[in-house]
Amino acid sequence: MKDDKGGLNKDWKKRIEEIGAEAFEIEEMLRLGFLKKEKLDKINKKGVELNNFTKALEQYSNIQKHLSGIDNKIEKIGTLQEALNTIRSQRIKRVKQKNAEQKIQKETQRKQRVQKNRELRVSFPTFLGRDVSNRLSFSGGDEVKLNKQKLPILRTFIELSSALELQPLNLQWLVYDRGATTVDHYTRFEIAKRLGGTRLISSPKPVLRKTQRWILEFVLRNLPVHQAAMAFRQNLSILDNAKLHSNSKIVIRIDLKDFFPSITFPRVRGFFESLGYNPGISTVMSLLCTDSPKVLLKVQDEINFVSTGPRSLPQGACTSPDLANLIANKLDRRLQNYAAKVGWVFSRYADDLVFSTNKVDMPAHRLVRAVSMIVAAEGFQVNKKKTRVMRQPHRQMVTGLVVNKDVRISRRDIRRFRAFFHRCSTQGLDEVSKELEKDAMTVARGYMAYVHMISPATAQKFYRQHPWIKAQYLTN
């Protein structure tokens, strides 16, 4: 069973099957002289289990290997100085590796923070311009109030951008308030006023126009307007406004100075908040509906649009008329109550306040003073230069129409229309279009539509005199 030369037992596999691996190891150690029988007997007397002894031998073997490895390293190091240099080099390497790992970890954490902040800014932007971000909070609001008014529920920037069918970043680009920029969201031009001077028109470009139409359709048009507001309402015209004051003894017309510009961004934002929207949603919708006046400034062949005043309702945006009527609701209510109390009829057509009465002895100056105080208290201003007190039998004008008896077109306007039609007939439409720098036929049809609305008989007379005018309204 044993190898005489001291080698491994040739029948070791069979022997292991007979006595087990652990017993075989001890047997071989005894046979080869690594373990004396006396030592084994002594171990057994102390009660050391064979399994623990085997584990101890294994640990001893591992320790021996480790010490052997250290001895090899010491032999390779050589002198003490070389050993110190090696240790220092290894320490520096470990420090550099640790620093590199920490740098990678910090950069990863930084990118994660940047990504998280970017996602938060998309959903809850905290800054949209220097003077408009003080209430940019998307918490709060009154959903019960919104539901009662049948208004869309909007809580976050993401929900608003989704409703407007815009990507959040595109909506941020659209509403961000810049003091100077190379991009203008409006096309600006001037038109002549009826009584001289010019009026600046700011027409929104397609993307902004689409968002304003959504606000107009789903928010503003669902809200009631005071009955005294006659302008910018469906099925109402200057004729309806004029009829309220026809055949009166006294008519007073009071003009509001800078009506649209006086309705500034904070007032519009406050209005949206009063509907039940939180400050953040109110801020964004107000930025979509307001704009600041701008001038062109050319710097090194680059055109910049520079703001020259506070944001307010722009003339040309489809939301401005409805917002003006809704924000002036309290003004209309107070003026209506006062007028009814002292015996006057009141209406407002945009910035034109009109009061009338059939009592000859009504003190007009008292009305003007009281109205001026109410107007100032509601954040508007009376243009004193345009205040008119018109008494019978002198001519009384309301929204460009004579109202002394029945409502009619003024003689001056009739002469102006007649002269224009005659000019088109004699000079030709093309020549007149060149002089006007716009289509003469379009202007003629506009005049005819106006005349037909006020006096169909006069319109028929003009049409017989100038059959080239294709008055489509005659077919109605």
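First, a term: two strands pair if DSSP finds at least two bridges between them. Helices (H or I, at least four residues) and strands (E, at least two) are DSSP runs, numbered from the N terminus. This is a predicted model, where local features need pLDDT of at least 70, side-chain atom pairs count only at pLDDT 80 or more, and totals for chains, interfaces and linings use all residues. Residues are numbered from 1 along each chain as its sequence is written, and side-chain values use heavy atoms, with hydrogens and water left out.

Now the sheet. E7 and strand E8, residues 352-357, pair in the antiparallel sense over five bridges. Take Ser-347: its bridge partner in E8 is Val-354. Strands of a sheet pair through backbone hydrogen bonds, either parallel or antiparallel.

Zoom out. The sheet is open, with four strands in the order E7-E8-E4-E9 and antiparallel pairing. Which strands stand at the edges? Strand E7 (345-349) and strand E9 (382-391) do; each has a single partner strand, so one side of each is left without a neighbour in the sheet. On average, neighbouring strands here are turned by 15 degrees against each other, direction ignored. For angles, axes are lines fitted to C-alpha atoms, for helices over the stretch in contact, and angles run from 0 to 180 degrees between N-to-C directions.

Next, the helix. H15, residues 364-377, packs on the sheet and touches strand E4 (250-256), E8 and E9. Contact means heavy atoms within 4.5 Å. The direction of H15 makes about 25 degrees with that of E4.

Which residues of H15 are buried? They are Ala-364, Leu-367, Val-368, Ala-370, Val-371, Ile-374 and Val-375. Buried means under 20% relative accessible area, exposed over 50%, partly exposed in between (1.4 Å probe, protein chains only). These buried residues pack against E4, helix H14 (329-342), E8 and E9. Just after H15, Gly-379 takes a positive phi of about 85 degrees.

Last, the backbone spots. Most residues other than glycine have a negative phi, and most peptide bonds are trans. Ala-350 is not a glycine, yet has a positive phi of about 60 degrees. Ala-350 sits in the loop between E7 and E8. Buried or exposed? Ala-350 is buried, with a relative accessible area of 13%.

Asn-247, also not a glycine, has a positive phi of about 55 degrees. Find Asn-247 in the loop between helix H10 (238-243) and E4.

Finally, a cis peptide bond joins Gln-392 and Pro-393, with omega about 5 degrees. Pro-393 lies in the loop between E9 and strand E10 (397-398).
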